[in-house]
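Take a look at the ligand and the space around it.

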Amino acid sequence: MVLAKPENKNVLSAFSLRGKVAAVTGGARGIGLEVSRGLAEAGADVALIYSSTRDAESLAAEIASANNVKCVAYRSNVTDAGTIEGTIKQIAKDFGKLDIIVANAGVTSHYPAEDYTPEQFSEIMKVNLDGAFYTAQAASRIFKEQGYGNVIFTASVSAILVNVPQKQAAYNASKAGLVQLAKCLSVEWVDFCRVNCISPGFISTDMISAFPAEWKEKWLGMVPAQRFCDPYELKGAYVFCASDASSYMTGAQIVIDGGYTLP
Ligand code: NAI
């Protein structure tokens, strides 16, 4: 039973992931790379699932040697259910099991809502919502058979508020859908895995670095912390969700945004 009480009651050792196997989509860049590092630092063996990052294999080797764990890069595509399921099955085979899946891959685009083409709208949904579902579903089939597992989605504060000045209705809708999807799955799958979401605010990655300086200035004025977050600052929350330290938590959304969603 997944929500069974862990035997170990010591809080620091409850955070340990030693002996666990984790896979992270978008795991070789930005937030996903820091999540992969965090899980490895906590002791997990990690599979980085990437789509285009050129140095994914050397990053995996670096994580493995820095943390004395197994870390391997796998190329895949979350928008194709068969492809991502094949990758996740291969990871479970290569590592002997799968304890944790982090569905983190995501994309964004900015168009006025009245101008989206069907292709532009569905490109966002296909990665952020369909792809996250296919990833979790593939892992859930392994978790069901094993009788244990843990799903963590990277959602966004865009699930909660409407970002300005950029126009990104598809992205916001995809992330809001993801939060509700996580709640549904947490109830349906309660007998064999926990399911939680992390919703970051503005995190300094490639996803936001390309945006115009005026947007970033406006955003900074709206964040009580008056700075953006470095991706490594999210590691603790992912380790918490992945570990026995959060043994009774399922269906939750953890918002990490320097206060952005509050005023
Ligand atoms: P990023 O652009 O550095 O990373 C996105 C990752 O998704 C990349 O590794 C990319 O290869 C992967 N990806 C994209 N399409 C894919 C596909 N079809 N199959 C497999 N992988 C694919 O951006 P970042 O910031 O690290 O984003 C990670 C997650 O965090 C995304 O879900 C994003 O929506 C979310 N997020 C980011 C925030 C930010 O301010 N950077 C804020 C809130 C949420």
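How many residues surround the ligand, and which are the closest? The shell has 25 residues, with Arg29, Ile31, Asn104, Tyr171 and Thr205 the closest. A residue belongs here if one of its heavy atoms lies within 4 Å of the molecule. This is a predicted model: local features need pLDDT of at least 70, side-chain atom pairs count only at pLDDT 80 or more, and totals for chains, interfaces and linings use all residues. Residues are numbered from 1 along each chain as its sequence is written, and side-chain values use heavy atoms, leaving out hydrogens and water.

Turn to the ligand's oxygen atoms. A polar side-chain atom of Thr205 is 2.6 Å from one oxygen atom. On its own the ligand has 820 Å² of accessible area, and the protein covers 94% of that (Shrake-Rupley method, 1.4 Å probe).

Helix H2 (30-41), helix H6 (169-188) and helix H7 (206-209) each give two or more residues to the shell (helices are DSSP runs of H or I, at least four residues). By class, the shell holds twelve nonpolar, eleven polar and two charged residues. Here Asp, Glu, Lys and Arg count as charged, and Gly is among the polar ones.

Note on methods. Polar contact = N/O pair within 3.5 Å; in protein donor to acceptor, adjacent residues only side chain to side chain.
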